[in-house]
Amino acid sequence: MLSYLHGFHAGNVADVHKHAALVLILAHLQKKDKPFCVIDTHAGAGWYDLSSTQAQKTGEWKAGIAAAQQAQHIPAALAPYLDLVTGFVPENLHNEEAGGTDAKPFYYPGSPFIVQKMLRESDRLSLMELHPREYETLDRRVYHDRRIHLQKRDGYEGLVAMVPPPIRRGMVLMDPSYDVKQDYARAAKSIMAAHRRWATATYMLWYPILTDGFEGELHQMFRQIETPGGVLCSELAASHGGARGRMLGSGLLIINPPFQLDGQLAEIGDWLVDVVTLPGPAAHRLDWLVKAQ
Ligand SMILES: C[S@@+](CC[C@H](N)C(=O)[O-])C[C@H]1O[C@@H](n2cnc3c(N)ncnc32)[C@H](O)[C@@H]1O
């Protein structure tokens, strides 16, 4: 079942949280001249027009990226993400349909274009997307970039089949839509199988924190991962509030996080709690589920 469209949610609190962490991991990979590769298992449409009918309908970006852009005293760790997003203008806009409103378009990059902006000549990006229309849109947007390879493929199965990649330095982003509750177990199993084959990569899994969510089961599974780099968990969430089934917040599980990412995420999370809007009183929690050695 593919009912989820990221256009309704682009630029929301969860995107700010996950994309800020993504930029920090990529910045770490850029520190060495050696090429890196990124596998993005659930890619979406690539970028989003926040003036479109979809984005205006929910307005979720107002409590996320817009709030962060308007705030004062931006933490140093968040600045590279905010600079990238604020300066983002898609290429080849003449190929695109209008967003359905009269408002002036303004754009937010999804994970494929955040990564694309940080790729060097010899770096590579593998994308997977199953939704037929999202796939077509993304294909139109990335096909001319020879560093990027897009497949219409199941990201859980595709990841395991694709690792280890020819370029051994790198990271995996898994950002499912959680249309069905089986996505939690599928995500964890896929990442754990990929990690057994490609143990040195950094893996980042995003998950929603819901009133009756499944994050406890995810934590349990990730605690079993044996890795000298450790497993870090960052959760930005309200303790309660909002309607039943509504998202209370955003969670990230990161295997083999780069050196000092824990401090950077603490800085970002503590700042975001006061800046973005969640359904109730919120906090940022950072835990090592598996300690780094
Ligand atoms: C949360 S969105 C991705 C957003 C994107 N990662 C970003 O940060 O901009 C999840 C996407 O996964 C796609 N999807 C759902 N199930 C999938 C699967 N099994 N394999 C690959 N893509 C899938 C959905 O169509 C949707 O576009």
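View 1. Buried means under 20% relative accessible area, exposed over 50%, and partly exposed in between (1.4 Å probe, protein chains only). This is a predicted model: local features need pLDDT of at least 70, side-chain atom pairs count only at pLDDT 80 or more, and totals for chains, interfaces and linings use all residues. Residues are numbered from 1 along each chain as its sequence is written, and side-chain values use heavy atoms, leaving out hydrogens and water.

**View 2. The structure holds seven aromatic pairs.** One of them joins tyrosine 178 and tyrosine 184, tilted, at 4.6 Å centre to centre and 50° between the planes. Rings of Phe, Tyr and Trp (its six-membered ring) pair if their centres lie within 6.5 Å; planes under 30 degrees apart count as stacked, over 60 as edge-to-face and the rest as tilted. Tyr178, Tyr184, Trp206 and Phe214 form one aromatic cluster.

**View 3. Tryptophan 198 and tyrosine 203 pair edge-to-face.** Their centres are 6.4 Å apart, with 75° between the planes. Tryptophan 198 is buried, at 2% relative accessible area. Tyrosine 203 is buried, at 0%.

**View 4. Lysine 18 lies over the face of tryptophan 206.** The distance from the ring centre is 4.8 Å. Arginine 141 lies over the face of tryptophan 47, at 3.5 Å from the ring centre. A charge sits over a ring if NZ of Lys or CZ of Arg is within 6 Å of the ring centre and within 35 degrees of the ring normal.
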